[in-house]
Amino acid sequence: MAKIVIEGGHRISGTVRIGGAKNAVLPILAASLLASDGASYIDDVPSLLDVEHMLQTIEALGCDVQNGLGSIRIDATHVNSYEPPHDLVRQMRASFVVAGPLLTRVGEAVIALPGGCNIGPRPVDLHIKGLEAMGAEARIENGCVHFRAPKGGLHGTRIYLDIPSVGATQNIMMAACLAQGQTIIENAAKEPENVDLANYLNAMGARVRGAGTDTIRIEGVDAMHGANHNVIPDRIEAGTFLIAGAIAGNGVYVENALSQHLSSLLAKLEEAGAIIEDDVRGIRVYPVQSGRMRALDVKTHYHPAYPTDMQAQMVAALCTAVGTSTITETVFENRFMHVAELQRMGAEIHIEGRTAIIEGIHRLSGAEVTSTDLRAGAALVIAGLVADGVTTVGGLHHIDRGYDNLVGKFQALGANIRRIEEAVEVC
């Protein structure tokens, strides 16, 4: 029963270093299953619950995994299973991306329907349709998707995604690496994490072109090998600290942040009055000179538009802006659960369909609140930094899935924040 306790009103300043991207490292770890020769070395790996679950998943499939501090060695020479443990897969949606590597490497995969944050329906139908287009048979039975490749293996084809799904793009891209012929993915997701995955695949001997655009071409190869790779910085972690610095800072330098991955967020922060300075090592943010951000209108959408994973944090920041703000969520239909928790802190927010209308107030009040999902947890911490009094944030298992040492990093910036572990009485 861990909780984060924050005493608001303490300005933060200094330098915080951003670690490797959660949403890049998870598919990269899954892609390691494609290497039938040699070990892979993955560096700048964050210490997260989701990473631990993925490592346990690929280890259960026969990989030899050695986990160092921020560095992982994976030898997938002897993959001996095509069915990852159901309890691990159900804890984390990203684990479904082992389907493509397993199917193309060993010809079969049995994957439990995945879990993760409860932020709305995220069906795997695009994953299934894409793999079926490459010749796989798929059936859903007993809460699992059973995939089987045809005799002779998967074959390349042209696949159009109805929406630019990040996970489906990753699964199809990985499956196509060992398929026969050329696969073309149209309306592909353009996120930087998919570019990072493609770079890793190419280092392993794959032939992937066009990652980062809406059309990706993959020429199948006969075999792949281990490779060395450094994971890109986590743009969502970086954005979280940039927003915190914009409303609660006296100059925060977010080291290792890449501005080309954060253009939509940086534009909105500058529109709200924050001062942004970008250099080759990171991004520095200064707060609005008047002390309160200007109201904004924000709409989430697929990359390179404003990211849904930064919606909750921006809602928290706009609670104390001058004027009326709107945030429209177009990606996930159930991603305003943090609003009720912010209302407990005095925020004046009401929901109309997929739009949150935020009437800025001068100050939030500390309260006992609970994380409802990963990014909501970060939003509540940000709100606690500028609230009067003490804010207690529960539900930390969500935060631990995607933020490496969030409390320690805020402490280093001067926030009055601590994590406490409360014993549970057993009757």
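**The interface between the domains**

Analyst: In this predicted model, the centres of domain 1 and domain 2, taken over C-alpha atoms, are separated by 31 Å. Domain 1 consists of residues 2-19 + 233-421, and domain 2 of residues 22-230. To the contact between them, domain 1 brings 25 residues and domain 2 brings 20 residues.

About 2000 Å² is buried between domain 1 and domain 2, and carbon and sulfur atoms give 56% of that area. Of the area that domain 1 buries against domain 2, 33% is supplied by Y302, H303 and R401, more than by any other three residues.

Polar and charged pairs also span the interface. The count of salt bridges between domain 1 and domain 2 is 3. With both residues at pLDDT 80 or more, 6 residue pairs are found in polar contact across the interface of domain 1 and domain 2. On the side of domain 1 that touches domain 2, α12 (374-386) and α13 (396-402) each supply at least two residues. The most comes from α13, with 5 residues. By residue class, this side of domain 1 divides into 11 charged, 8 polar and 6 nonpolar residues.

H303 also takes part in a backbone feature: the peptide bond from H303 to P304 is cis, with omega near 15 degrees. P304 is found in the loop between β19 (297-299) and α10 (311-318). Most residues other than glycine have a negative phi, and most peptide bonds are trans.

Two asparagines have a positive phi. For N256 the angle is about 80 degrees, and this residue lies in the loop between β16 (249-255) and α9 (263-271). For N187 the angle is about 60 degrees, and its place is in the loop between β11 (182-186) and α7 (192-203).

Helix α5 covers residues 125-133, and its buried residues are L126, H127, I128, G130 and L131. Among the elements that cover these buried residues of α5 are the helices α4 (99-106) and α6 (166-176). The strands β8 (137-141), β9 (144-148) and β10 (158-160) are also included in that cover.

Conventions. Residues are numbered from 1 along each chain as its sequence is written. This is a predicted model: local features need pLDDT of at least 70, side-chain atom pairs count only at pLDDT 80 or more; totals for chains, interfaces and linings use all residues. Side-chain values use heavy atoms; hydrogens and water are left out. Buried means under 20% relative accessible area, exposed over 50%, partly exposed in between (1.4 Å probe, protein chains only). Helices (H or I, at least four residues) and strands (E, at least two) are DSSP runs, numbered from the N terminus. Contact means heavy atoms within 4.5 Å. Domain bounds come from an automatic or database domain assignment. Buried area is the accessible area (1.4 Å probe) that two parts lose on being put together, summed over both. A salt bridge is a side-chain nitrogen of Lys or Arg within 4 Å of a carboxyl oxygen of Asp or Glu. A polar contact is a pair of N or O atoms within 3.5 Å; within protein, one must be able to donate a hydrogen and the other to accept it, and residues adjacent in sequence count only if both atoms are side-chain atoms. Ala, Val, Leu, Ile, Met, Phe, Trp, Tyr, Cys and Pro count as nonpolar, Asp, Glu, Lys and Arg as charged, and the others, Gly among them, as polar.
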